[in-house]
Amino acid sequence: MRLVADMIRGQKVSKALGILRYQPQAGAALLEKLLLSAVANWQQKNENERAEDADLYVKTIFVDGGRMLKRLRPAPQGRGHRIRKRSNHVTIIVESAATGLTVAPEVSTENAE
C-alpha cells in the first residue's frame, strides 16, 4: 500500500487517478476509491468551486498501521503457527493549487512493507 501511495504523492488528481487505474497492485483499487472520496469531500466543502477548474492535487498521503487480526494455523506435531492479518489506515489530503503554494513532490525515506 505504501509503494502505491508514494507514486501519487504530490501528483495532480487526474494524473493520480490515471496512475492508480492501471497499477496491478491490490492496494491501487482501494486508493483510487479513497481518492475519489477525498475529491467528493472537497467538493462538499467548497460548493462554489468546480473540481475540474480548481486544479486539485494530492497534498499529503500517508499509510499507518492498523489493527492486526491474529489467527492460528495448524502445524505438524500439534503445534500452531501464528498468522497475522494486517490492515492499515490511509489519510489523503487534497488541496487546490490556487490556494496552496507551488507543489513539489515529496520524497519519502520510509521503508515500505
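Reader: Thanks! How many salt bridges does the count come to?

Author: The count comes to five salt bridges. Keep in mind that this is a predicted model.

Reader: Good to know. Which side chain does arginine 9 meet in a salt bridge?

Author: Arginine 9 pairs with aspartate 6, at 2.7 Å from N to O.

Reader: And are those two buried or exposed, or something in between?

Author: Arginine 9 has 12% relative accessibility, so it counts as buried. Aspartate 6 is at 31%, so it counts as partly exposed.

Reader: What about arginine 21, which side chain does it meet?

Author: Arginine 21 forms a salt bridge with glutamate 32, at 2.5 Å from N to O. This pair links distant parts of the chain, with arginine 21 in helix α2 (residues 13-21) and glutamate 32 in helix α3 (residues 26-45), eleven residues apart.

Reader: Why does glutamate 32 count as buried?

Author: Because its relative accessible area is 14%, and the cut-off for buried is under 20%.

Reader: Let me step back for a second. What does the secondary structure come to?

Author: There are four helices and two strands. Starting at the N terminus, the order is α-α-α-α-β-β.

Reader: And how much of the protein counts as buried?

Author: Of its 113 residues, 29% count as buried.

Reader: Let's move to the strands. Where does glutamate 95 lie, and what does its side chain contact?

Author: Glutamate 95 is in strand β2, which covers residues 80-96. Its side chain makes a polar contact with the side chain of lysine 59, at 3.1 Å. Glutamate 95 has 18% relative accessibility, so it counts as buried.

Reader: What does the side chain of serine 96 reach?

Author: It reaches the backbone oxygen of alanine 54, at 2.7 Å. Serine 96 is placed in strand β2, and it is buried because its relative accessible area is 3%.

Reader: Nice. Switching to the surface: which residues form the positive patch?

Author: Arg67, Arg71, Arg73 and Lys85 form it.

Reader: Which strand gives the most to that patch?

Author: Strand β1 (residues 56-74) does, with three residues. Arginine 67 is found in strand β1, and at 66% relative accessibility it counts as exposed, being over the 50% cut-off.

Reader: Why would I want to flag that?

Author: Because most residues other than glycine have a negative phi.

Reader: Last one: is glutamine 77 buried or exposed?

Author: Glutamine 77 counts as exposed, at 76% relative accessibility.

Definitions and conventions:
Residues are numbered from 1 along each chain as its sequence is written. This is a predicted model: local features need pLDDT of at least 70, side-chain atom pairs count only at pLDDT 80 or more; totals for chains, interfaces and linings use all residues. Side-chain values use heavy atoms; hydrogens and water are left out. Buried means under 20% relative accessible area, exposed over 50%, partly exposed in between (1.4 Å probe, protein chains only). A polar contact is a pair of N or O atoms within 3.5 Å; within protein, one must be able to donate a hydrogen and the other to accept it, and residues adjacent in sequence count only if both atoms are side-chain atoms. Patches are made of residues with over 30% relative accessible area and no salt bridge: like charges are joined within 9 Å, nonpolar side chains (Val, Leu, Ile, Met, Phe, Trp, Tyr) within 5 Å. Accessible areas come from the Shrake-Rupley method with a 1.4 Å probe; for residues, only the protein chains shown count as cover. A salt bridge is a side-chain nitrogen of Lys or Arg within 4 Å of a carboxyl oxygen of Asp or Glu. Lys and Arg count as positive and Asp and Glu as negative; His and the chain ends are not counted. The place of a charge is taken as NZ of Lys, CZ of Arg, CG of Asp or CD of Glu.
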